[in-house]
Amino acid sequence: MKIIDIKVDIIGDSVDTDPDKGGVEPLAIVRIYTNEGIVGLSESFRVPPGVALAVMNGKDSFLGSRLIGQTLSHPERLWQLLYDSILHYNRRGWITMCIGALDIAVWDIYGKMMQQPIYELLGGIQRSFFQHPASSPTVEAVPYCTIVSEKWDCEDMICSQIERALLLKDLGYRGFKVEPMMSSIENTIALARRAREALGPDVMLAVDVGYRFNDVNSALKVCREIEEYDIYFFETPFPVDSFETYKSLAKRTDIPLAMGEHSVGRSEAVQMIKYGDVSVVQSYISTGGGLTEAKRLVASATDLGAMYIPGNWSTQLLGAATVHLALFSTVTPYYEFAPAEIFDSDLRQEIQNLGLPVVNGAVHPPTTPGLGIEIPQSLIDRFRIDG
Ligand SMILES: [Mg+2]
């Protein structure tokens, strides 16, 4: 089987969508075509559309010229081929994120070719016993819901995030992350406390402050006040290019620190575990370099005693890739989920409806070969924003 073409289409709710309000910002849908009719599907989150087109669309694109014509064999070989081709260019940033998107589509084709769901080809279900929530002894991938609000740093933020979390809890979701972004220390503490009080003791609760602090003492003050609310992790207290701030805070709080949602390639995440004492890394499967690189990050995180809880503020197309990784990984008790139920986005809802279903707060291992999700052309045509 040979790769004969790669097509990139840009879809989204609109060109100027505010992703912090739950809309789908311009998103590259990537399809790899083969001479045997099998098509691999993927997406690339937060790669500017013009870059995605220049790097991946068709045989004249930077990576398309390298991938088209290749025989479809194990995805790791094709990943290495692409990675080796950029060693004299930009080895991080958008180009590696594009390799990540292509790698997911290659895994989709490989799964369809081998008639296996991707998690089986990654190594099979290897989740550990400790990762099974008490309420569910069966093997499943468990999403946690990220909750945002229209307003920040005020009573409205606290009330609306708690209201949304309670709605989702009623739907069966088991994990939540509140987001006191751009907020005072007082409102950050209040949201964590009131969310735990409202949700009860049995659900997972994490807090994301979105790079809010520059000094360790301010972040420490928050951590000390919210430790008693059983916070699963405290996300991105500082800008992520400073190991020392994370390391210093990690020494002084019992709450696990999380970072790496936008880490590109496994090495950034690994360095943060090693030198920043971060215990939860969060690379998106696409941004991090694809399923091939995510599998390696599972091994590295395991060696270093950390968890890998992949982020995903994109759609449930990337979510499907994330589920396969979570089912394979021994260090991924949860993965991030942007629930369409609480956002005003038809596109987000429609892709979620097409994706792997969340039932009673969890996704059971799919049996469909490949990713297990297909995006119909009609949806791409309807939400197309590339003209
Ligand atoms: Mg975040």
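**Overall dimensions**

With 387 residues, the protein chain would as a compact globule have a radius of gyration near 21 Å, and its value of 20 Å therefore agrees; the radius is taken over C-alpha atoms, and the globule rule is 2.2 Å times the number of residues to the power 0.38. This is a predicted model, in which local features need pLDDT of at least 70, side-chain atom pairs count only at pLDDT 80 or more, and totals for chains, interfaces and linings use all residues. Residues are numbered from 1 along each chain as its sequence is written.

- Along the principal axes, the C-alpha atoms of the protein chain fill a box of roughly 60 × 40 × 40 Å.

**Composition and contacts**

- The protein chain has 14 helices and eleven strands, which are DSSP runs numbered from the N terminus (helices H or I, at least four residues; strands E, at least two).
- Of the 387 residues, 54% count as buried, meaning that 20 or more other C-beta atoms, placed from the backbone, lie within 10 Å of the residue's own.
- Among contacts (C-beta atoms, placed from the backbone, within 7 Å) with a separation of 6 or more, 72% join residues 24 or more positions apart.

**Helices α7 and α8**

- The axes of α7 (residues 185-199) and α8 (residues 216-226) come within 10 Å and cross at roughly 25°; axes are lines fitted to C-alpha atoms over the stretch in contact, and angles run from 0 to 180 degrees between N-to-C directions.
- The two helices α7 and α8 are therefore roughly parallel (angles under 35 degrees).
- Ile185, Thr188, Ile189, Ala192 and Arg193 in α7 meet Ser218, Lys221, Val222, Glu225 and Ile226 in α8.

Notes:
Buried ≥ 20, exposed ≤ 12 C-beta atoms within 10 Å, placed from the backbone. Contact = placed C-beta atoms within 7 Å. Parallel < 35°, antiparallel > 145°, perpendicular 65-115°, else oblique.
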